[in-house]
Amino acid sequence: EPTALSGTVTRSEGRVVAEINGRPAAEVYNEWTNGAMTPHLDGANILGASTMYPLAVEVGRVNGVPYHRLIHPETIQAGGAMSLFAEAEQGTKLILMRGEESSLLTRAGRVAKAAMAIDDGGLNDLAGGFVVYCAGCMLSVQPKMTQVHQSLTDVLPEVPFLGQFSFGEQGTFPNGEACHGNLMISTVLFRAFA
């Protein structure tokens, strides 16, 4: 979910953001997360610490409601720059998002249910599924992955599925644009046809 906190990338190169609003990116990000990054400010991997605090770029709106491409912060570098798992060019408006463990535990099931609703076929003739679950999300809920599995089997009872945990996902947004993002969960369902 988006928060009210946002800033503009004022210096970056590729997947490294050096400054937000003219200040060291890690300093700004640490303030936005109420000090959650303080133990890592001397330079460290923040993959786990940042999962519930992703950054995002608004990429469009559906019925006036914005949707976002998530960007997962990876490391804090010396000097306060941050490396990310996706690019954020100079001039990009970054929005701080916030996540909840409970949402990550049930999102795979919600995504599978949405995939099933696309053709209104329900469970009829479902032959299987393929679930892509972001590895960053998985790492943050790893002790409770049985609940993620249960959310899928509740929606897809007795339907076999294969899962993958990836770092960096490709997806299509409601406007049809395909792009690279982070912290994504997707499902492809297969139907058997005679």
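In the predicted model, helix α5, which runs over residues 145-155, has M145, V148, S151, L152 and V155 as its buried residues. Because these residues cover an arc of only 110 degrees around the axis, they fall on the same side of α5. The face turned away from this buried side carries T146 and D154, both of which are exposed. The packing partners of the buried residues of α5 comprise two helices and two strands, namely α3 (101-117) and α4 (135-141) together with β10 (126-134) and β11 (161-166).

Among contacts in the chain with a separation of 6 or more, 68% are accounted for by residues 24 or more positions apart.

With regard to burial and surface, 44% of the 194 residues count as buried, while the chain exposes about 10,000 Å², of which carbon and sulfur atoms supply 53%. The charged side chains number 12 positive and 19 negative, and the centres of these two sets lie 4 Å apart.

Definitions and conventions:
Residues numbered from 1 in each chain as written. Predicted model: local features only at pLDDT ≥ 70, side-chain atom pairs only at ≥ 80, totals over all residues. Heavy atoms only, no water. Buried < 20%, exposed > 50% of the residue type's maximum accessible area, 1.4 Å probe, protein only. Helix = DSSP H or I, 4+ residues; strand = E, 2+ residues; numbered from the N terminus. Arc of directions from axis to C-beta. Contact = heavy atoms within 4.5 Å. Areas by Shrake-Rupley, 256 points an atom, 1.4 Å probe, with all protein chains shown as cover. Lys, Arg positive; Asp, Glu negative; His and termini not counted. Charge placed at Lys NZ, Arg CZ, Asp CG, Glu CD.
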